[in-house]
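Visitor: I have a structure open and some time to go through it. Can you talk me through the main features?

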Amino acid sequence: MSAITIEKLFLRYGEQEVLRGIDLEIPENVCFAIMGPSGCGKSSLLKVLNRLVEMNHNVKISGDVKLFGNSIFKMDLTKLRRQVGMVFQIPNPFPHMSIYDNITYAVKCNGIAKKKEELDKIVEWALKKAALFDEVKDRLKMRANQLSGGQMQRLCIARALALKPRVMLMDEPTANLDPISADKIEDLITELKNEYTIVMVTHSPGQAARVSDFVAFLYMGRVIEVGKTEEVFENPKNELTERYVTGRIG
Ligand SMILES: Nc1ncnc2c1ncn2[C@@H]1O[C@H](COP(=O)(O)OP(=O)(O)O)[C@@H](O)[C@H]1O
Ligand SMILES: [Mg+2]
């Protein structure tokens, strides 16, 4: 079964049509990249998947999205968001909370764990999964805003993982990081996709080529081409895709 099935998805903000009939199958435990030039609808599409886009009062959606076979629009929102974690372009830890509290906050709110030993275990587990533990293990009580940008982004990944999601949405997760931190996140994604389904938005064809297994090229609200990353990059079927992957549009 696919992790996510998107069927005839249309989205508009007021009168502006932003997604124009998207159909996609996203397999389980892969990194699926959504690439395309700025403004083509990537973030909107990603934010449909955890229904965050519905925070915009002027948004209208039609079509369906299924998560492991069940329509997300019929699902309890809290349940959906626990299964579908999200990481944003600008790392957004709770700045004045400690590293430890950043990870345990939603864990406690969701009733996943309460006892100190359980929480300690989850914090260590999540930080290890996010490849941050060794750098912060002696200062878990430090405020999150004292971390570097790359560390903050890995903390956000740890915070999302602590809720044990099945899918992770990442919206240009390295766009605001220095190249070394960006490399670390890319390596981490390559690790995580063995256990999680990762849907990653990127405006960088290079990044899509390096880390994704499948890629969809989005242009003006439509999927122009989708397939295995190697095939799309080595043998693009559509001229627009070819121009995009060779850096001639973007
Ligand atoms: N809340 C909103 N209200 C109105 N228009 C929006 C809103 N969010 C995004 N848009 C518009 O939708 C289009 C797609 O935006 P977005 O999904 O952010 O694209 P991308 O992530 O590919 O850059 C853009 O034209 C953008 O200006
Ligand atoms: Mg965007």
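**Strands, a ligand shell and a buried valine**

Guide: Lys8 lies in strand β1. Strands here are DSSP runs of E, at least two residues, and helices are runs of H or I, at least four residues, numbered from the N terminus. This is a predicted model: local features need pLDDT of at least 70, side-chain atom pairs count only at pLDDT 80 or more, and totals for chains, interfaces and linings use all residues. Residues are numbered from 1 along each chain as its sequence is written, while chains are lettered from A and ligands numbered from 1 in the order in which they are written.

Visitor: Is Lys8 buried or exposed?

Guide: Lys8 counts as exposed, because it has 10 C-beta neighbours inside 10 Å. The cut-offs, with C-beta atoms placed from the backbone: 20 or more other C-beta atoms within 10 Å is buried, 12 or fewer is exposed, and in between is partly exposed.

Visitor: What is the phi of Lys8?

Guide: Near 45°, a positive value in a residue other than glycine. Most residues other than glycine have a negative phi. Phe68 also has a positive phi, of about 45°, and is not a glycine.

Visitor: Where is Phe68 found?

Guide: In the loop between β4 (59-67) and β5. Phe68 is partly exposed, because 14 other C-beta atoms lie within 10 Å.

Visitor: Which sheet holds β1? What is the strand order?

Guide: An open sheet of four strands, in the order β2-β1-β4-β5, with antiparallel pairing. Two strands pair if DSSP finds at least two bridges between them. The edge strands are β2 and β5 (70-71), each pairing on one side only.

Visitor: How many bridges join β1 to β2?

Guide: Eight, and β1 (residues 4-13) runs antiparallel to β2. In one of these pairs, Ile6 has Leu24 of β2 as its bridge partner.

Visitor: New topic. Which residues are around ligand 1?

Guide: Tyr13, Gln16, Val18, Gly36, Ser38, Gly39, Cys40, Gly41, Lys42, Ser43, Ser44 and Asn56. A residue is near a molecule if its C-beta atom, placed from the backbone, lies within 6 Å of it. β2 (16-26) and α1 (42-48) are the elements that give two or more residues to this shell.

Visitor: Which element gives the most?

Guide: α1, with three residues.

Visitor: And the make-up of the shell around ligand 1, by class?

Guide: Three nonpolar, eight polar and one charged. Ala, Val, Leu, Ile, Met, Phe, Trp, Tyr, Cys and Pro count as nonpolar, Asp, Glu, Lys and Arg as charged, and the others, Gly among them, as polar.

Visitor: What about the sheet of six strands? What is its order?

Guide: β6-β7-β8-β3-β9-β10, an open sheet with mixed pairing. β6 and β10 (222-228) stand at the edges with a single partner strand each, so one side of each has no neighbour in the sheet. Six bridges join β9 (residues 214-219) to β10, and the two run antiparallel. Val215 stands opposite Gly227 in β10.

Visitor: Which helix lies across β6?

Guide: Helix α6 (residues 149-161), which lies across β6 and β7 (167-171) and runs at about 170° to β6. Axes are lines fitted to C-alpha atoms, for helices over the stretch in contact, and angles run from 0 to 180 degrees between N-to-C directions.

Visitor: Why does Val87 count as buried?

Guide: Because Val87 has 23 C-beta neighbours inside 10 Å. Val87 is in β6 (residues 84-87).

Visitor: What is Val87 in contact with?

Guide: Leaving aside neighbours within four places in sequence, Cys156, Ile157, Ala160, Met168, Met170 and Pro173. Contact means C-beta atoms, placed from the backbone, within 7 Å. Val87 and Pro173 are 86 residues apart in sequence, yet 6.7 Å apart in space, C-alpha to C-alpha.

How values were computed
Contact = placed C-beta atoms within 7 Å.
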